Amino acid sequence: MIMNSAPHLKWLQFFKDVVITVTLWAFETIGFVILFAPFYCLAWIFSRDVARSFQRLNSGFYRWFFALVRALVPACRWQIDDAVKAIRGSVVVANHISYLDPILLFSLFPRHTTIAKRRLFHIPIFGWMLRLSGYLPSSSDRLLADLVLLRIEQLPTLLDDGGNLVVFPEGTRSRDGRIGSFNTGPFKIARLCNAPIDVLYLEGTARLFKPGRFLFDTGSPNTIYARHLARLEPCYDDPDFSLRALMAKVKNILEMRQSNQ
C-alpha cells in the first residue's frame, strides 16, 4: 500500500519555515547585538555626524539580513531596478505590503531617513536608535514636538547631500495589496524641501512574509521586485501647483502598475 506523502511534505516544509524564520529573527536580534552593536557604540561616541553613521550602519545591517534571506530562501528571486539603487536626493514614495518593505529600501540607500510611527519613539532602546538615526516621527506629542521640528529643518541638508527620504504615503501596510488613501504629510515635506519624487512599486514581499504571520514562506516560488516607475520634478512655485493633484498623480502611477500585474 502506497502512503500519501503529501502530509509529510507539508510538515517538512512547515519545519523548514520555522527553522529559517528563527534563524533570521535571531540574526536581527542576537546577531545585531553581537556583530553590529559595537560599531553603533563607536559611532555614537566618536562620529562627528551620528545620524549619518547610524544610517549607514542600518543600511549595512539590513544588506547582511537580506543576504542571509537570499542564502536561506533560494526559491525567492530578487529583481531590483538599477534605477532604484541610483536614486539620490529624493523623496522616495512606495506602496506598502509587508514589514520587509522599509528595511529593503533602507538596505539600498546608505544615506536615508524615514517617517516612523510616533509610538515607536517611546519604546526603550529602539526609540533611542530611531532618534540617533535621524528618523522623523509621523506626528508629534509633547515629548516629540521639538524633534519633529528639528528633523524637518535638517531634511533639506540631507537631500542636498544625496540622502533620500523613504516614505509610504498610505501610512500602513495594505492587507489586500490595493493602494489605499494617501496622507498629505510626505508631499508637504517634498514641497517644503523643493524635492523631486521617485515612485517605486514593490512586489513579492508580502508573499515571502505575509502581514500578520510569524513565519517566512520559504518554499513557494516567488520573485521580489523593486521597480522604478517614475521620477517627478514638480514645479512647486507654480501658481497652479496643487498638492492634491500631485498626490493623485502618484497614486494613479501606482494603481496603473498594479492593474498591469
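**Figure 1. Charged side chains over aromatic rings.** In this predicted model, the charged end of Arg 70 sits over the ring of Trp 78, at 4.5 Å from the ring centre. Likewise, the charged end of Arg 227 sits over the ring of Tyr 225, 3.9 Å from its centre. A charge is taken to sit over a ring if NZ of Lys or CZ of Arg is within 6 Å of the ring centre and within 35 degrees of the ring normal. Local features need pLDDT of at least 70 and side-chain atom pairs count only at pLDDT 80 or more, whereas totals for chains, interfaces and linings use all residues. Residues are numbered from 1 along each chain as its sequence is written, and side-chain values use heavy atoms, with hydrogens and water left out.

**Figure 2. The largest nonpolar core.** This core has 50 residues, and those with the most contacts inside it are Phe 65, Leu 105 and Leu 208. A nonpolar core is a set of buried Ala, Val, Leu, Ile, Met, Phe, Trp, Tyr and Cys residues joined through side-chain atoms within 4.5 Å; buried means under 20% relative accessible area, exposed over 50%, and partly exposed in between (1.4 Å probe, protein chains only). Among the elements that give two or more residues to the core are helix H1 (6-46), helix H2 (50-72) and strand E7 (222-232). Helices (H or I, at least four residues) and strands (E, at least two) are DSSP runs, numbered from the N terminus. Helix H1 contributes the largest share, nine residues.

**Figure 3. Two aromatic pairs.** The ring centres of Tyr 99 and Phe 209 are 6.1 Å apart and the planes meet at 65°, so this pair is edge-to-face. Rings of Phe, Tyr and Trp (its six-membered ring) pair if their centres lie within 6.5 Å; planes under 30 degrees apart count as stacked, over 60 as edge-to-face and the rest as tilted. Tyr 99, in the loop between E2 and H4, and Phe 209, in the loop between helix H8 (205-208) and E7, are 110 residues apart. Tyr 99 is partly exposed at 30% relative accessibility, while Phe 209 is buried at 9%. Tyr 236 and Phe 241 also form an edge-to-face pair, with 5.2 Å between centres and 70° between planes, and both residues are buried.

Figure 4. Ser 59 lies in helix H2 and is buried, at 0% relative accessibility. Its side chain makes a polar contact (a pair of N or O atoms within 3.5 Å; within protein, one must be able to donate a hydrogen and the other to accept it, and residues adjacent in sequence count only if both atoms are side-chain atoms) with the side chain of Arg 63, at 2.8 Å.
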